[in-house]
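Take a moment to look over the structure below.

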Amino acid sequence: MESSVLVDNRVLEELDKFVLAELYVDGPGEDKKANARLQVEKFGQSTQPLYVVLTPDGREVAQLGGFTRSKAEFLGWLKQAYAKATAH
């Protein structure tokens, strides 16, 4: 996804609306194991990659787990998640 979807200008433009954070869960080390446990506890799954949209107060509004090469699918998900996160 990082080399095919997340480099698309339309996706990058939509991502500019979000505060981005990464949680590294794969590879050796206690920090990665702790992050993996946190991901399962907080979001209920260990899928990689896992994209989650939260509101500023921490309420989850959308999850997308797994790999996609479809820019249109990911862009549509982002737009829908943003609309949910900003709805009043």
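A residue counts as buried when its relative accessible area is under 20%, as exposed when that value is over 50%, and as partly exposed in between. At 45% relative accessibility, Lys33 is therefore partly exposed. Keep these cut-offs in mind. Note also that this is a predicted model.

Start with the inside. In soluble globular proteins, nonpolar side chains tend to be buried together. Here, the largest nonpolar core has 16 residues. Among those with the most contacts inside this core are Leu6, Val11, Tyr51, Phe74 and Trp77. Which elements each supply at least two residues of the core? They are helix H1 (9-15), strand E1 (50-54), strand E2 (60-65) and helix H3 (71-86). H3 gives the most, with five residues.

Now pick out Phe74. Leaving aside residues up to four places away in sequence, Phe74 touches Met1, Val5, Leu6, Val11, Tyr51, Leu64 and Thr68.

Next come the charges. Side chains of opposite charge can pair when their charged atoms come close. How many salt bridges are there in the model? The count comes to four.

Go back to Lys33. Its partner in a salt bridge is Glu30, and the closest N and O atoms are 3.6 Å apart. Both residues belong to helix H2 (residues 30-43). They are three residues apart there, so about one helical turn separates them. Glu30 is exposed, because its relative accessible area is 55% and the cut-off is over 50%.

Another pair is Lys17 and Glu14, whose closest N and O atoms are 3.2 Å apart. Glu14 is buried, with a relative accessible area of 6%.

Asp8 and Arg10 also meet in a salt bridge, at 3.2 Å from N to O. Asp8 is buried, at 12% relative accessible area. A network of salt bridges links Asp8, Arg10 and Lys71.

Finally, turn to Val61 in strand E2. With a relative accessible area of 12%, Val61 is buried. What does Val61 touch, not counting residues up to four places away in sequence? The list is Val53, Thr55, Ala81, Lys84 and Ala85. Compare Val61 with Lys71: they are ten residues apart in sequence and 20 Å apart in space, C-alpha to C-alpha.

How values were computed. Residues are numbered from 1 along each chain as its sequence is written. This is a predicted model: local features need pLDDT of at least 70, side-chain atom pairs count only at pLDDT 80 or more; totals for chains, interfaces and linings use all residues. Side-chain values use heavy atoms; hydrogens and water are left out. A nonpolar core is a set of buried Ala, Val, Leu, Ile, Met, Phe, Trp, Tyr and Cys residues joined through side-chain atoms within 4.5 Å. Buried means under 20% relative accessible area, exposed over 50%, partly exposed in between (1.4 Å probe, protein chains only). Helices (H or I, at least four residues) and strands (E, at least two) are DSSP runs, numbered from the N terminus. Contact means heavy atoms within 4.5 Å. A salt bridge is a side-chain nitrogen of Lys or Arg within 4 Å of a carboxyl oxygen of Asp or Glu.
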